[in-house]
Amino acid sequence: MLEVLREDFVRTARAKGLSRQSVLWGHVLRNALIPVITVIGLQFGNLLTGTIVVEQVFSLPGLGRLIFQAISNRDIEVVKAAVILLAFTVVAVNFIVDVLYAVIDPRLKAQDV
């Protein structure tokens, strides 16, 4: 956020007479959210892979434990289905992140996404 506050477009917006709050919410926050959304999208994949370990260690029921038990029992069909479900979820989250880029950054058009 501090880096974005030093950008030229922020000084230009202030020079045009916009209030400090309007500049912060309308210009600075939108540009500062782009790296945050990127990190959240990337960390989601790590969160899903961590469920296998956490559910096994704490004996929690869930998709991670199902995968681990299916691997232990050599149940290939369940492993395939769970991996496809996890892959679809990661792809869906990445798609949502890309759509959020277009919503947050007005310089991106629908044709760029």
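Modeller: Aspartate 8 is exposed, as is arginine 11, where exposed means over 50% relative accessible area, buried under 20%, and partly exposed in between (1.4 Å probe, protein chains only). These two residues form a salt bridge, with 2.5 Å between the closest N and O atoms; the term requires a side-chain nitrogen of Lys or Arg within 4 Å of a carboxyl oxygen of Asp or Glu. Because aspartate 8 and arginine 11 are three residues apart in helix α2 (residues 8-15), about one helical turn separates them. Helices here are DSSP runs (H or I, at least four residues), numbered from the N terminus.

The model is predicted: local features need pLDDT of at least 70 and side-chain atom pairs count only at pLDDT 80 or more, while totals for chains, interfaces and linings use all residues. Residues are numbered from 1 along each chain as its sequence is written, and side-chain values use heavy atoms, with hydrogens and water left out.

The search of the whole structure finds two salt bridges. In the other pair, the side chains of glutamate 77 and lysine 80 meet at 3.9 Å, N to O. Both residues lie in helix α5 (residues 76-104), three residues apart, or about one turn of the helix. Glutamate 77 has 55% relative accessibility and so counts as exposed. Lysine 80, at 47% relative accessibility, therefore counts as partly exposed.

Note on methods. Helices (H or I, at least four residues) and strands (E, at least two) are DSSP runs, numbered from the N terminus.
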